[in-house]
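Please consider the sequence and the three-dimensional structure shown below.

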Amino acid sequence: MAASAAMGRDPATYKEAMRAANTEEWTVACEYEMDALSKNDTWELVKLSPGRKAVKSKWVFKLKIDGCYHACVVAKGFTQIPNIDYDETFSPVARFKSLQLLLALAVLENWEIHQMDVKSAFLNGMLNEEIYMEQPQGFIAAGQENKVYQLKKAIYGLKQASRTWNQQFHGVLTELGFERTYSDAGIYVHHQHKGDGLLIVVLYVDDITIMGFSLEDVKQLKQKLSLRYEMSDFGEIQSYLGMPLVATIFITIPRANACLQCV
């Protein structure tokens, strides 16, 4: 254990976290996670239905660079049973070629490009399947040890978590007047009846890129999304999935046609 602490390794199990020198911080992080899941109405404590098996759960711990202790309850998706605990798992994301084209158009047309992130995105997805999960270690209800959680919403680790989140967010964008493009299921377009031009949303899991000619239209969309989800607003785009974006202009000779490249 001393060697693990010296190396700065995060606890691999709940028992390890509770035996660490900073066990109080990990305990607070676990309690915060359980409270957050309860407030989100993620699950309900029930008796396991006859003939059903509960998906196993585990804790994941991470001490972040800013010194914040983060604990997360995840489901062991590999214990899910096909056609019982899950069906389809596919979730579309925007293609990089589509993003490159849109960024080039945005630079040419001088569009506003902003970026947002949905906090705990997967926890917003509503489940269609009847899924049970074991109570997390360290937080088993006294006197109800034989009960399990019936999941109402998706939780990290479930095979269909990404898909349910995508379907949920698709519904919200549709309500806001956006249409998903046929050629790329991660690109949404909204033609403005008032204001300038159009709005485009690029969705890659929980990363949201918003493009539009009008800064006011972009801000209004960001406000509407913030009313639905807990969001992180990064303002004007600086990077995409960790890759820095730099706009450069090249002049070709002799035609002198300006072309723009986003890297």
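How many salt bridges does the count come to? A salt bridge is taken here as a side-chain nitrogen of Lys or Arg within 4 Å of a carboxyl oxygen of Asp or Glu, and by this rule the count comes to 10 salt bridges. The model is a predicted one, in which local features need pLDDT of at least 70 and side-chain atom pairs count only at pLDDT 80 or more, while totals for chains, interfaces and linings use all residues. Residues are numbered from 1 along each chain as its sequence is written, and side-chain values use heavy atoms, with hydrogens and water left out.

One of these salt bridges joins Arg52 to Asp85, with the closest N and O atoms 3.2 Å apart. Helices (H or I, at least four residues) and strands (E, at least two) are DSSP runs, numbered from the N terminus. Arg52 and Asp85 are both buried; buried means under 20% relative accessible area, exposed over 50%, and partly exposed in between, with a 1.4 Å probe and protein chains only.

Arg52 also forms a salt bridge with Glu130, at 3.9 Å from N to O. This pair, too, links distant parts of the chain, 78 residues apart, with Glu130 in the loop between strand S4 (112-118) and strand S5 (132-133). Glu130 counts as partly exposed because its relative accessibility is 36%.

The histidine is His190, found in strand S8 (residues 187-191). Why does His190 count as buried? His190 does so because its relative accessibility is 17%. A polar atom of the His190 side chain lies 3.0 Å from the backbone oxygen of Gly177. Leaving aside neighbours within four places in sequence, His190 is in contact with Leu176, Gly177, Phe178, Leu198 and Leu199, where contact means heavy atoms within 4.5 Å.

Technical notes
Polar contact = N/O pair within 3.5 Å; in protein donor to acceptor, adjacent residues only side chain to side chain.
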